Amino acid sequence: MNHLITAPELANTLSTGTPPALLDVRWQLGGPPGRSQYATGHLPGAVYVDLDTELAGPPGADGRHPLPDPTDFADAMRAAGVRGDRPVVVYDAGQGWAAARAWWLLRWAGHPDVRVLDGGLASWTASGATLTSEIPVPTAGDFTPAPGALPVLTADEAAALARTGVLLDARAAERYRGDVEPIDRVGGHIPGAVSAPTTENVTEDGTFRGTGALAARFAALGAKDGTEVGVYCGSGVSAAHEVLALAVAGIPAALYVGSWSAWSSDASRLVATGGLPG
């Protein structure tokens, strides 16, 4: 399955009589919602989707971005025009983290055809394609979530996988080591987890590295054919990007949705620090 789409490919697809549902998922950690940037200019036909309120449930013991209620998610996706028999393309204006979260959530919920615009908004404008400020009014979709199409990990399962398989920590290396922790209760990582910053999945222009390069990267981290792989990050957003990169490389992986925000909030959970898995 092709999980990515280039800007020229998307432009061609949008010009057909049956374009995909197009979702703008602009978001930044700790920043304001991306709706105002969306209103200024977005891909023609794109509908804005808010990550914090539509691609996640309320923050709490399960983390800052837990899974949304399936009914609420269905309502949001139908309002955005998502249908079960219509392809979906998602994009953002950052490194692809938010778009990957939308990709992962739709795939987890059973949608069969979801792709991420490789390079996001920057790749679209760099290709010479235009933006619009016209806000579309999509025809209501009919998407009905069937959760469980992609694997997830509980905290206990993530802890076990770090010992029996490969658990990748997609955060920045300094947060993995515990040198700094700007958000969560304590710094460090899940014992046994391997540092694998999401930023290394992409090239300087923000597009994904090639399949061979990604496969080599993950093989060097211990994620190879036949190895059970899991991923976590701060709150299950950038880790979705890592799951996507693994999928591009042909490696299935499970997501610990609660990630470090859930793990570190439980004082009974062990924490490792330093540059080694521990």
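At what angle do helix α9 and helix α10 pack, and how far apart are their axes? In this predicted model, helix α9 (residues 211–220) and helix α10 (residues 238–248) pack at an angle of about 115°, and their axes lie 8 Å apart. Residues are numbered from 1 along each chain as its sequence is written, and side-chain values use heavy atoms, without hydrogens or water. Local features need pLDDT of at least 70 and side-chain atom pairs count only at pLDDT 80 or more, whereas totals for chains, interfaces and linings use all residues.

Helices (H or I, at least four residues) and strands (E, at least two) are DSSP runs, numbered from the N terminus. Axes are lines fitted to C-alpha atoms, for helices over the stretch in contact, and angles run from 0 to 180 degrees between N-to-C directions. Angles under 35 degrees count as roughly parallel, over 145 as roughly antiparallel, 65 to 115 as roughly perpendicular and the rest as oblique. Helices α9 and α10 are therefore roughly perpendicular to each other. The crossing of α9 past α10 is left-handed (the near helix is turned anticlockwise from the far one by less than a right angle; clockwise would be right-handed). Contact means heavy atoms within 4.5 Å. From α9, T211, L214, R217 and F218 meet E242, A245, L246 and V248 of α10. By class, this contact of α9 with α10 has five nonpolar, one polar and two charged residues. Here Ala, Val, Leu, Ile, Met, Phe, Trp, Tyr, Cys and Pro count as nonpolar, Asp, Glu, Lys and Arg as charged, and the others, Gly among them, as polar.

Helix α10 also packs with α5, at an angle of about 70° and with the axes 7 Å apart. That makes α5 roughly perpendicular to α10. W97, A100, R101, W103 and W104 of α5 meet S238, A240, H241, V243, L244 and A247 of α10. The contact of α5 with α10 has eight nonpolar, two polar and one charged residues.

Helix α5 (residues 97–108) also belongs to a right-handed β-α-β unit with β4 and β5. A crossover is right-handed if, with the strands pointing away from the viewer, the path from the first strand over the helix to the second runs clockwise. Helix α5 lies across β2, β4 and β5, and runs at about 175° to β5.

These strands belong to an open sheet of five strands, ordered β1-β5-β4-β2-β3, with parallel pairing. Strands β1 and β3 (47–48) stand at the edges with a single partner strand each, so one side of each is left without a neighbour in the sheet. Two strands pair if DSSP finds at least two bridges between them. Two bridges join β1 (residues 4–5) to β5 (residues 114–117). Residue I5 has L117 as its bridge partner in β5. Three bridges pair β4 (residues 88–91) with β5, and V89 stands opposite R115. Four bridges join β2 (residues 21–24) to β4. The partner of L22 in β4 is V89.

A second open sheet has four strands in the order β7-β6-β8-β9, again with parallel pairing. Strands β7 (194–195) and β9 (254–255) are at the edges, each with a single partner strand, so one side of each is left without a neighbour in the sheet. Strand β6 (residues 166–169) is joined to β7 by two bridges and runs parallel to it. In β7, S195 is the bridge partner of D169. Helix α7 (residues 155–164) lies across β6 and β8 (229–232), at about 110° to β6.
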